[in-house]
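Biologist: I am new to this structure and would like to know what the terms used for it rest on. Please show it, and then I will ask.

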Amino acid sequence: MSVHKDITKHSSKQNQLVQQFMLLDERRERAIDEAVQLCLKDQPFTTDAINHVTNEINILARQGVVPQRKLVTIEMVKEYAAKLI
């Protein structure tokens, strides 16, 4: 019975990490979209919000359950926005 409880506890912990990752990844995508939209309008923007969430994701990723994400540079946003034109 103890093994079953340990497996259930481990599985629950992994599920919790995945759920956190999904929420953070959604926030990251929204921040990227906002930066891209500002870039397309030739308005000033930063990647601070994107990278803040990225750092949170990467902290979770160190636990080995979810993937890491790359930090985003202003140049990366500009290159992506240019492809959309």
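Biologist: Where does Asp42 lie?

Modeller: Asp42 lies in the loop between helix 1 and helix 2. Helices here are DSSP runs of H or I with at least four residues, strands are runs of E with at least two, and both are numbered from the N terminus. The model is a predicted one, in which local features need pLDDT of at least 70 and side-chain atom pairs count only at pLDDT 80 or more, while totals for chains, interfaces and linings use all residues. Residues are numbered from 1 along each chain as its sequence is written, and side-chain values use heavy atoms, with hydrogens and water left out.

Biologist: Why is Asp42 called exposed?

Modeller: The relative accessible area of Asp42 is 72%. Exposed means over 50%, buried means under 20%, and partly exposed is in between, with a 1.4 Å probe and protein chains only. Asp42 is therefore exposed. Asp42 also has a positive phi of about 55°, although it is not a glycine.

Biologist: What makes Thr8 partly exposed?

Modeller: Thr8, in helix 1, has 38% relative accessibility, so it counts as partly exposed. The C-alpha atoms of Thr8 and Asn55 are separated by 28 Å, and the two residues are 47 apart along the chain.

Biologist: Why does Tyr80 count as partly exposed?

Modeller: Tyr80 lies in helix 3. Its relative accessibility is 44%, and therefore Tyr80 counts as partly exposed. Tyr80 and Gln63 are 17 residues apart along the chain, with 30 Å between their C-alpha atoms.

Biologist: How do you know that Val72 is buried?

Modeller: Val72 has a relative accessible area of 11%, so it is buried. Val72 is found in the loop between helix 2 (48–61) and helix 3. Not counting residues up to four places away in sequence, Val72 touches Arg28, Thr47, Ile50, Asn51 and Val77, where contact means heavy atoms within 4.5 Å. Val72 and Glu26 are 46 residues apart in sequence and 15 Å apart in space, C-alpha to C-alpha.

Biologist: Why is Asn51 called buried?

Modeller: At a relative accessible area of 14%, Asn51 is buried. Its place is in helix 2. Leaving out residues up to four places away in sequence, Asn51 touches Leu71 and Val72.

Biologist: What makes Asn58 buried?

Modeller: The relative accessibility of Asn58 is 11%, so Asn58 counts as buried. Asn58 is also in helix 2. With residues up to four places away in sequence not counted, Asn58 touches Gln68 and Arg69.

Biologist: Which residues make up the largest nonpolar core?

Modeller: A nonpolar core is a set of buried Ala, Val, Leu, Ile, Met, Phe, Trp, Tyr and Cys residues joined through side-chain atoms within 4.5 Å. The largest has 10 residues: Ala31, Ile32, Ala35, Val36, Cys39, Phe45, Ile50, Val72, Val77 and Ala81. Helix 1 gives the most, with five residues. Apart from this core lies another, of eight residues, among them Leu24, Val53, Leu60 and Ala61.

Biologist: Which residues is Ala81 in contact with?

Modeller: Leaving aside neighbours within four places in sequence, Ala81 is in contact with Val36, Cys39 and Leu40.

Biologist: How many helices and strands does the protein chain have?

Modeller: The protein chain has three helices and zero strands. From the N terminus on, its elements run α-α-α.

Biologist: Why is the protein chain called more spread out than a compact globule?

Modeller: The radius of gyration is taken over C-alpha atoms, and the globule rule is 2.2 Å times the number of residues to the power 0.38. For 85 residues the rule gives 12 Å, while the protein chain has 17 Å, well over that value, so it is more spread out than a compact globule. Its C-alpha trace spans about 60 × 20 × 15 Å along the principal axes.

Biologist: How much of the protein chain counts as buried?

Modeller: Of its 85 residues, 28% count as buried.
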